[in-house]
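Here are some notes for a colleague who is opening this entry for the first time. Please keep the sequence and the structure side by side while reading the numbered points.

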Amino acid sequence: MGGFGLSWPTEAEVDEIRNKVSQMAGKNAEEVRVVVSPYRICPLGAHIDHQASYICLYWVGGTVSAMTIDKGILLGFIPSGDTQVVLQSGQFKGEVRIRVDEIQRPKHTVKENYSNHASESGKVEEECSWGNYARGALYALQSRGNNLSQGIIGYICGSKSLDSSGLSSSAAVGVAYLLAFECANSMEVSPVDNIEYDRLIENEYLGLRNGILDQSAILLSSYGCLTCMNCKTKEYKLIQQQKFQENHKKKSYKILLALSGLKGALTNNPGYNHRVAECQEAARVILWHLKEQLLHLEKLKWSLCCAMAIEEEDYEAHKSKLDANLAKRAEHYFSENKRVIEGTMLLFSWKSGDLEKFGKLISNSGLSSIQNYECGSEPLIQLNAILQGAPGVFGARFSGAGFRGCCIALVDANLAEEAASYIRKQYQNLQPQLASQINKDAAVSICEAGDCAHVI
């Protein structure tokens, strides 16, 4: 359907969306456009993007890696002919009605302590407010001076059982609405600008202190490539695999998604924003001691010192000044930056096709997220350990923050089915209650790499 041998979306899936919108709008199905907005995985670069975004004057580095998969969000839409927006969802009940000329106000204000103020009423709240991402897209476009005159009639759905899975489904939804509103209003917007618009949805409208990894992967990825991005400079490159040595056949791989059964929006979990605040505090402590050292040596004025970034040697020299928790957060940041560099350099790992070495870096990333960043929950930690021991797995880690959702793994394509069966059985033994809440067909998914978000 999308070229490059992509398996998603299928023609049947696109036709089903078009028929839904056709019935809603009373128009021919051929007039319906469909936004394809894939989910993403982050093999290396965990918790780097939001540090680079919010502590850009402090931390040096900020490089992440990502790729999309052949699952995600489909949004069928047709211009409404006026300012009205009418939306229905395949996941949630009810109908959302708004207007593109309504002034949208942020749902949450991010305080200095970065605590969340989201409701904890769970799925009921989520179902009642599932249109917030559409409102957030309007807010983002309006906040940059865009005047929209054309609404849409649309139907949105995600890959079965993968909402709240830690695969950036929220960013995929936000990007989908942006592309639909822009298309309906004949706006030409670059992927880089849409990265910023989606950041406004998440950070300003919804109050989540995440970075730009998710939307960057969704908007910039290319089939078969690893997207590598510097979250400070916004510079990126697409790294294609080469043969692992000329006389060695490159191994084919699949992507495994193993669901934990834990759900819930990150805006309902104070741990996520709290970790960002801790990293910022660690940077401030190191910068303060660095400033005193530099002033004492009269090498720099304080005004210049304020604008400098903390190099790894600065961290090593002053990490003893950090309390135990802050030291762990900083250790994760610097060690993760090293893993991204090693995993994406010309002679190493991904580009050379050395999946064993690349997989080891993924597993080390996951271990640092557990031990140093201290995110994750007991079921996710158990699930990650199961993936590590599954047949043919090169490497595994949480997908997302590890507070809910799934774990991901790169696995030898020839052993993917065997690994999936092993994971299902082992997780059922350890977490029978959570496992019983997961659709058996979706408990472990075997995926391919995907492409970037686009409109069909």
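Leaving aside its neighbours within four places in sequence, which residues is Phe 181 in contact with? The second point below takes this up, after a word on the model.

1. This is a predicted model, in which local features need pLDDT of at least 70 and side-chain atom pairs count only at pLDDT 80 or more, while totals for chains, interfaces and linings use all residues. Residues are numbered from 1 along each chain as its sequence is written, and side-chain values use heavy atoms, with hydrogens and water left out.

2. Apart from neighbours within four places in sequence, Phe 181 is in contact (heavy atoms within 4.5 Å) with Val 85, Val 100, Ala 134, Ala 137, Leu 138, Leu 141, Leu 148 and Ile 152. Together with Tyr 177, Phe 181 has the most contacts inside the largest nonpolar core, which has 115 residues. Such a core is a set of buried Ala, Val, Leu, Ile, Met, Phe, Trp, Tyr and Cys residues joined through side-chain atoms within 4.5 Å, where buried means under 20% relative accessible area, exposed means over 50% and partly exposed lies in between, using a 1.4 Å probe and protein chains only. The largest share of this core, 11 residues, comes from helix H5 (residues 169-184); helices (H or I, at least four residues) and strands (E, at least two) are DSSP runs, numbered from the N terminus. Another core, of 13 residues, lies apart from it and includes Val 21, Leu 74, Ile 153 and Cys 157. As background, nonpolar side chains tend to be buried together in soluble globular proteins.

3. Ser 37, in strand E1 (residues 33-41), counts as buried at 0% relative accessibility. The side chain of Ser 37 reaches the backbone oxygen of Ala 172 at 2.8 Å, a polar contact (a pair of N or O atoms within 3.5 Å; within protein, one must be able to donate a hydrogen and the other to accept it, and residues adjacent in sequence count only if both atoms are side-chain atoms). Among the residues in contact with Ser 37, leaving aside neighbours within four places in sequence, are Trp 8, Gly 72, Ile 218 and Ala 453.

4. The count of aromatic pairs comes to 5, taking rings of Phe, Tyr and Trp (its six-membered ring) whose centres lie within 6.5 Å, with planes under 30 degrees apart counted as stacked, over 60 as edge-to-face and the rest as tilted. Tyr 253 and Trp 350 have ring centres 5.6 Å apart and planes at 70°, so this pair is edge-to-face. Because Tyr 253 lies in strand E8 (residues 253-259) and Trp 350 in helix H12 (residues 349-352), the pair ties together parts that are 97 residues apart in sequence.

5. Glu 374 forms a salt bridge with Arg 329, the closest N and O atoms being 2.9 Å apart. Where Glu 374 is partly exposed at 29% relative accessibility, Arg 329 is buried at 2%.

6. Within H11, Glu 336 and Arg 339 are separated by about one helical turn, being 3 residues apart, and their side chains meet in a salt bridge (2.7 Å, N to O). Asn 337, in H11 (residues 324-344), is buried with a relative accessible area of 9%.

Terms used:
Salt bridge = Lys/Arg side-chain N within 4 Å of Asp/Glu carboxyl O.
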